[in-house]
Amino acid sequence: VSVSSRVISSSVAECVTPAHGVGAVSFTVSSGSSGVTSESVVFEYEELAIVSSVEPSLGVVDEARSVVIVGENFVHSRELSCRFGGSEVSSGKWMSSSLVRCDVHPMHEGFVSVEVSNNGAEYSEGDVTFEQILGMAVKSIVPSRGWRTGNLYVTISGSGGPSGRSAESLVCTFGGVRMPVTSVTSSGIVCRTPGQGIGVKTCAIEVRDAEGSSNLLFGEP
């Protein structure tokens with residue numbers, strides 16, 4: 001199949017590939033005026049990468065983090081890359097034909113698209129997104145002490161963080177023990193304390209991702 005080309009310099013020309021089935025084909029460049037044809041090289045057609053999900057599906061604004069992208073047709077190549085928000089590109093670490101690990105660079109708050117490319121030029125299409133949210137600093141816990149048997153309802157307040165989220169999407173941690181959030185009020189996040197040994201314990205808020213697993217830690221008192 002012959003296609004036209006655009007000469008960029010004496011050593012570079014640009015061509016648009018025609019549609020073709022998966023597999024390797026020979027590629028040559030020829031000059032119509034002189035009839036000179038180059039030696040052939042191999043060009044390989046592959047299936048387009050497909051992204052189905054990203055784990056975890058959210059991160060904190062201005063913090064880099066590693067994510068695993070789940071999909072199909074990922075190729076172990078030097079050009080394997082991920083793109084977030086249509087512009088932020090990072091190198092991909094191939095794990096399998098369905099898993100790629102990439103670093104998410106610090107970005108603005110909100111949802112950004114997630115794409116994968118096997119050649120660094122053509123990216124997957126789809127509606128998979130990664131969410132960036134503001135980090136939360138825990139400022140107060142009321143009451144700030146209770147019996148070691150637990151079962152005390154406390155209100156946790158702070159700045160930033162998972163505003164506008166439902167109680168079902170949040171988790172409290174007390175000394176590393178996760179407890180469901182009872183309610184979210186104008187005063188803060190209400191949780192029930194677990195039984196713990198006597199002493200000071202770290203308290204924090206986590207956000208669940210779309211699959212329901214807790215994956216983010218927001219500050220400490």
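Which residue does a disulfide join to C172? The partner of C172 is C191, with an S to S distance of 1.5 Å; the views below place this link in its setting.

**View 1. Overview of the predicted chain.** This is a predicted model in which local features need pLDDT of at least 70 and side-chain atom pairs count only at pLDDT 80 or more, whereas totals for chains, interfaces and linings use all residues. Residues are numbered from 1 along each chain as its sequence is written, and side-chain values use heavy atoms, with hydrogens and water left out. The chain has 20 strands and zero helices (DSSP runs, E of at least two residues for strands and H or I of at least four for helices, numbered from the N terminus). Of its 221 residues, 32% are buried (under 20% relative accessible area, 1.4 Å probe, protein chains only).

**View 2. The disulfide of C82 and C102.** The structure holds two disulfides (pairs of cysteine sulfur atoms within 2.5 Å). In the pair C82 and C102, the sulfur atoms lie 1.7 Å apart. This pair links distant parts of the chain, 20 residues apart: C82 belongs to strand 8 (residues 81-84) and C102 to strand 11 (residues 99-104). The link is right-handed, with 60° about the S-S bond. C82 is buried at a relative accessible area of 0%, and C102 is buried at 1%.

**View 3. The disulfide of C172 and C191.** C172 lies in strand 16 (residues 170-174) and C191 in strand 18 (residues 188-192), 19 residues apart. The torsion about their S-S bond is about 40°, so this disulfide is right-handed. C172 is buried, with a relative accessible area of 0%, and C191 is buried, also with 0%.

Methods: Buried < 20%, exposed > 50% of the residue type's maximum accessible area, 1.4 Å probe, protein only.
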